[in-house]
Amino acid sequence: MSETTNKPDRNLALELVRTTEAAALAAARLVGLGDKIGADQAAVDAMRLTLSTVQMDGLVVIGEGEKDEAPMLYNGEHIGDGSPPEVDIAVDPLEGTTLAAKGMPNALAVIALSERGTMFNPGPIVYMEKLAGAEDIADLLDLDRPLTKTIELVAERRGVEINDIMIVSLERDRHTEQLQAVRDIGARVRLIQHGDVSASMLAVSDRSPVDLLWGIGGTPEGVISAAAIKCLGGGLVGKLWPRDDDERTAAIEQGYDLDRQLTQDDLVRGDDCFFAATGVTDGDVLQGVRYQGARSATTESLVMRSRSGTVRRVHARHDRTKLRTLVSGRFG
């Protein structure tokens, strides 16, 4: 096998966006029905079905959990048709299950891919403290410095007032004290219920009202966000955040450095990764699935590659009748 054969090919970009479109179309049928488990399962089933046809030997590094807990797209599962290239896969078939169930904005179907052995495996650590921002302030991101000081440095760098700076963060009790300190210096806070992958993309976008993402959220979402940021440009730093002593002990025994700040290049090593996302519900980053009569549906997706820096926004129209015929009604 030649080195070229075993590297991800640009044709994978279209294959990946097909998988997120499939997951989004499947989950969208359950938007607003209050069934987050059903919506997630629909997205997982559709993504897995589509991934099985992709020419690659994919290893799920970031999936839906361990095999016994998640029969579909579990950590360590091999997906694709088994042919080269060998790649690591991170999937979140429905980021924002609660958002979808409640018909709220910013639910996405997401996948990231990189060369085999380059994607960070978080092991026993479920949560990570994260700080992300655009390329012009990437060198200012530091979790060992008070967040309020970083905000002051960002304002100085951009030549704006503190009150012009906006932080996006998950609304969680563990963030209350820190976010109050942010407000006390005059900066603004935008709270979200779920979906910090889309929030991280918002933080690095040059057309966004948000300057920084900060907060303690899922480590898997941190790895997926790192792949997106490597493609979009910008910076992310993360620090593993054990929930309790047992998790801390397990991480230390497995050799994890809990004091280390991990950058996007630590979370996804190498210079060739792909990222694709399709909107399930309307949001800041992508439009959600929309139905046009009984036969047609539209999707909006982002598909990106770090090596080339190419970012494509893909608008697609789908014939629901033909999709139902192809996949036994799964996407209808």
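Mentor: Start with a term: contact means heavy atoms within 4.5 Å. Keep in mind that this model is predicted.

Now take Phe275. Leaving out residues up to four places away in sequence, Phe275 touches Val110, Ile111, Ala112, Val197, Met201, Ile224, Ala227, Ala228, Cys231, Leu302, Val303 and Met304.

Next, the helices. Helix α6 covers residues 196-204, and helix α7 covers residues 219-232. Their axes lie 9 Å apart, at an angle of about 30°. Angles under 35 degrees count as roughly parallel, so α6 is roughly parallel to α7. The crossing of the two is right-handed.

Look at who meets whom. From α6 come Asp196, Val197, Ser200, Met201 and Val204. From α7 come Glu221, Ile224, Ser225, Ala228, Ile229 and Leu232. Sorted by class, the residues of this contact are 7 nonpolar, 2 polar and 2 charged.

Step back to the core. In soluble globular proteins, nonpolar side chains tend to be buried together. Here the largest nonpolar core has 45 residues. Phe275 is among those with the most contacts inside it, along with Phe120, Met201, Val223, Ile224, Leu240 and Leu267. Helix α7 gives this core its largest share, 7 residues. A second core is separate and has 40 residues, including Leu12, Ala43, Leu51 and Phe274.

Methods: Residues numbered from 1 in each chain as written. Predicted model: local features only at pLDDT ≥ 70, side-chain atom pairs only at ≥ 80, totals over all residues. Heavy atoms only, no water. Axes fitted to C-alpha atoms, helices over the stretch in contact; angles between N-to-C directions. Helix = DSSP H or I, 4+ residues; strand = E, 2+ residues; numbered from the N terminus. Parallel < 35°, antiparallel > 145°, perpendicular 65-115°, else oblique. Left-handed = near helix turned anticlockwise from the far one by under 90°. Nonpolar A, V, L, I, M, F, W, Y, C, P; charged D, E, K, R; others polar. Core = buried A, V, L, I, M, F, W, Y, C linked by side-chain atoms within 4.5 Å. Buried < 20%, exposed > 50% of the residue type's maximum accessible area, 1.4 Å probe, protein only.
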